[in-house]
Every structure is written in C-alpha cells, then in structure tokens.
Amino acid sequence: MSYQKRAAIYEWPGAKLGLALGLAGLASLGAAPRALPPPDFTGLYRPVPDRLQPATRREGDSLRIFINQPAPAPGSAGPRLRLTGWATFEAKQPLWQQVRAARPYPGAGPAAPVQVLTAAVAASQLAPGTVLQVSLAKPSLSNQATTADQDPATTAWLRLTPELLARPFVLLDSAGLVLAHPYLNEGENVAVAAFGLAQPVRWRRYPTGTPALPPFTDPRSQPAAPRTLAMRDSSAAPSTTNNLLRLPGQGLYALKVGGAGGEPVRTLPLLVVPASFPGQRTAPEVIEPLLYLTTAAERQAMLKAPDPKRALDRFWLDAAGGDQARGRDLIRRYYSRVTTANELFTGHKAGWLTDRGLLYVVLGPPQSVRRLADGSERWHYDQAGRQGEAVAFTFRPRPSTLAPDNYELARRPEYEMLWYAAVEQWRRTTTAR
C-alpha cells in the first residue's frame, strides 16, 4: 500500500477546513490504526524531467517550505501542498497531516513561467529526527490522496535535522527561483535569502571528493583519510544576504552565513560544478565516468588520443561487439545513469562519485528501496548476483558539516565476484543491466 493511501486512512477530520484553520489546524490522529506494510521508495529514484525539490527556511515559530512550480493559468487556483509528519520513514501511521495553499513568494514576477511558491507549517510540529512528506495536491480534491507517493515529480521526503529546522535562509538563483539542489553551475550567481536581519556571507573553498571505491573494498586496507580538508581559498571580504554572490570557480564551498545581531554563524555546503552538469559535454567529462569500467591506463589513453571522442566511441563499439546500434544503446544507457545519479545523489561531490551513485551507474536503479528507522537505506536487486540471485546493499548515513546527506556503503568481500561480473557485462556482452 502506498504512503499516500496510508496517509488517507489517517486523514485528520478537519482537512477540508485546513486553510481556514491555518497553522492551528493540525489535529491528532484517530485511535487504534491498523498496521500497514513499510513503504518502498524505489519510485523516488527514477529519472523525471521536473523533480519536486522543496527547500526550507526557519521563520520565527514556523518552517517555510519553498518549491518552484509552473505559474498557474490566469484565474485558476494555485496548487496546494499536502504536508504529512512521520516519526520515521517506516512509521505505521502519520503523526499529523494538513493541506496548505501554496502562495507566491513576495517579489516573484507574476508573468514568469515558473514561480516560487511557499507554505508554512508550525515548527512545534516538527521534531528533530522526524520526517516531513511534501506532496502536491489538487485543489478540488484536497481531502483525498491525489498523487502517488512514489512519483518524484509530486512528492519529496525531508529528514528534519536540527540544522535544517534552524537555518534562517534559503538559496535563490539569479532568476529568483529556489536553488533546490545542492550545486550551482559554474558562472551562475546565487543569493542567500535570509529571514530577518541581513547577515554577512563569507565562503571557503575546498577540493571536491574522490570517487567511490568498489563495493568489496575493505576500508581498513585503505590509507587513512585526513581528518580535515585542505582549504583552497576563501572570501577576503564579506558580502551580505539578499545580494547576488558570484563564486570564483568549481569546488566545494562552505558558505558561512550569520554573525550580525547575535545570529549564530551557520555553514551551508554548496558544490560548484561545470556548466554542463548534471550532464556531460567535454571529452574529460565523458571519459571520467568510465572509471568504474576501465583501468587508469585505458582512460589515459583515451584522453591523450588525437581524437578523444573517436577513442571513446571505439571503446563502446568494442563493448558492443562491433554493432553500432548496440554501441549507441550502451552509451545512452550508461550516461543516462550518470546524469540521473548526479541529479539524485550530488552533495559534497558529483552524484556519480558517491557510494549510491557507484551502484546506480553500474547496476542500475534498484528493484526495491527501504528507508530504515536509523536512517539507513537498503537497496534490493532481484538478480544482481553472479548466479542471478537477489542481493541487498546497505547504505548508512555518515553526515558531516560539508556532507550533510552523505551515505556510506557497507562493503563486503562477497560482493567482489558479482561486481566484476557486472563490469564485464558492460564491457563484453550485449545485455548490460
């Protein structure tokens, strides 16, 4: 049963009056709910052209939610947001639910094809460690489950960390839209839109992360990682919130916001990526993601070839046994996975470089995804084993200041043979997964 159906079972009695009741309209749930199976989050990891990516900002006793949405037609009602609180991703019943009208953010151009819409929820309802489900709901059916919880175009899930609940600013791009993802394309500007008193904004730049290791690697056999990152450079003078900020180049930035009027300084990481990101355009951008399928010598040979593009085509043509149509299909499938991994998992480094991106690119999207109460994700593949058996992979949260959404794969030696078989299937077969 989907989470939307689960939520509908526990719809609070005053849902139809939610807009009139405002923030005070949250109600307790009925007694003795029946147990429901845990949800499957697989659908949220499929590629979609317009993913719902809410951002948040603390405003006094409320948490304001921001989304980018197409402007409604003149005279028509705007969308509503169905907000549902859950104790964990696997909770048997919601803590509360309400439907809120999404209003245009002040200053948004009324004629713009895409606008920033906002809604607020009482911060007293949002305990750290709980989960907030944000879904689009049709205005005419606000008391019914109208969208599937597995549709990433209409539903998003936010784990409510103390930092997220307290952060009094949100990032906007140069068009005034919410920067919903944790990266900025090189050459673009960003504004730190603060609530309340304008705050100083400084930044520090660090090198980006290294590629994920194969899933069978013993972490104990690897050199110890440095406890701190070596800073490359920093801002010489502060700018202020609500002004456009131009960052000087690619890298991982720590934006330092606050310090005026007793406001604490808060750090928000932001990755500056190539202009073509999340896609790939230049020869290095296309050859580098072959790291999971090739040796360093093979990649260097392609990069140093007189025509790197032709060398890359030759690699895929060889993998396809000389069949050009099959080679084009392999290219399309592999790089579409790289792009989707960038969209889904980018944080302190590009998504394809992360542990989850590693599996997504080589093995493809999992057949089932569970999000456990401790924050872990468990990915299930029905036929990923060397003999076609089912295999599960577990990702544990390993957050840090510069990587708040980092997940680490629990690596096991028994993954070695299935991993090499998956790589070889890309390189030497006509049916890559």
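Three strands, in the order S9-S11-S15, form an open sheet with antiparallel pairing. Strand S9 (169–173) and strand S15 (244–246) stand at its edges. Each edge strand has a single partner, so one side of each is left without a neighbour in the sheet. From one strand to the next, the twist averages 35°. This is a predicted model.

Look at one pairing in that sheet. S9 and strand S11 (residues 189–194) run antiparallel and are joined by 5 bridges. Across this pairing, valine 170 stands opposite alanine 193 in S11.

**The whole protein**

The protein has 9 helices and 21 strands. It has 433 residues, and buried residues make up 49% of them. Take the contacts with a separation of 6 or more: residues 24 or more positions apart account for 66% of these.

**Strand S6 and its partners**

Strand S6 covers residues 114–122. Of its 9 residues, 8 are buried, so S6 is largely enclosed by the rest of the structure. Strand S2 (residues 62–70) runs antiparallel to S6, and 9 bridges join the two. Strand S5 (residues 103–104) is also antiparallel to S6, with 2 bridges. Phenylalanine 66 stands opposite threonine 118. Arginine 103 stands opposite threonine 118 as well.

**Nonpolar cores**

In soluble globular proteins, nonpolar side chains tend to be buried together. Here the largest nonpolar core has 60 residues. Those with the most contacts inside this core are Leu290, Trp316, Tyr334, Leu359, Val362, Trp379 and Phe393. Helix H7 gives the largest share of the core, 7 residues. A second, separate core has 19 residues, including Leu63, Trp96, Ala102 and Ala119.

**Aromatic pairs**

A pair of aromatic rings is described by the distance of the centres and the angle of the planes. This model holds 21 aromatic pairs. Two of them are set out here.

| Pair | Centre to centre | Angle between planes | Type |
|---|---|---|---|
| Tyrosine 334 and tryptophan 426 | 5.2 Å | 80° | edge-to-face |
| Phenylalanine 345 and tryptophan 379 | 5.9 Å | 40° | tilted |

Tyrosine 334 lies in helix H7 (residues 324–345), and tryptophan 426 lies in helix H9 (residues 416–428). The pair therefore ties together parts that are 92 residues apart in sequence. Tyrosine 334 and tryptophan 426 are buried.

Phenylalanine 345 is in helix H7, while tryptophan 379 is in strand S19 (residues 377–381). This pair links distant parts of the chain, 34 residues apart. Both phenylalanine 345 and tryptophan 379 are buried.

Which residues do ring pairs link into a cluster? They are Tyr45, Phe345, Tyr360, Trp379 and Phe395. Leaving aside residues up to four places away in sequence, tryptophan 379 touches Tyr45, Phe345, Arg356, Leu359, Tyr360, Pro366, Ser368, Val369, Val391, Ala392, Phe393 and Phe395. Trp379 is also one of the residues with the most contacts inside the largest nonpolar core.

**A charge over two rings**

Over which rings does arginine 371 lie? One is phenylalanine 41: the charged end of arginine 371 sits over this ring, 4.7 Å from its centre. The other is phenylalanine 89: arginine 371 lies over its face, at 5.0 Å from the ring centre.

**Two backbone details**

Phenylalanine 277 and proline 278 are joined by a cis peptide bond, with omega of about 10°. Proline 278 is found in the loop between strand S17 (266–273) and helix H4 (283–287).

The second detail is a backbone angle. Asparagine 242 is not a glycine, yet it has a positive phi of about 75°. Where is asparagine 242 placed? Asparagine 242 is in the loop between strand S14 (239–240) and S15. Is asparagine 242 buried or partly exposed? With a relative accessible area of 44%, asparagine 242 is partly exposed.

Conventions:
Residues are numbered from 1 along each chain as its sequence is written. This is a predicted model: local features need pLDDT of at least 70, side-chain atom pairs count only at pLDDT 80 or more; totals for chains, interfaces and linings use all residues. Side-chain values use heavy atoms; hydrogens and water are left out. Rings of Phe, Tyr and Trp (its six-membered ring) pair if their centres lie within 6.5 Å; planes under 30 degrees apart count as stacked, over 60 as edge-to-face and the rest as tilted. Helices (H or I, at least four residues) and strands (E, at least two) are DSSP runs, numbered from the N terminus. Buried means under 20% relative accessible area, exposed over 50%, partly exposed in between (1.4 Å probe, protein chains only). A charge sits over a ring if NZ of Lys or CZ of Arg is within 6 Å of the ring centre and within 35 degrees of the ring normal. Two strands pair if DSSP finds at least two bridges between them. Axes are lines fitted to C-alpha atoms, for helices over the stretch in contact, and angles run from 0 to 180 degrees between N-to-C directions. A nonpolar core is a set of buried Ala, Val, Leu, Ile, Met, Phe, Trp, Tyr and Cys residues joined through side-chain atoms within 4.5 Å. Contact means heavy atoms within 4.5 Å.
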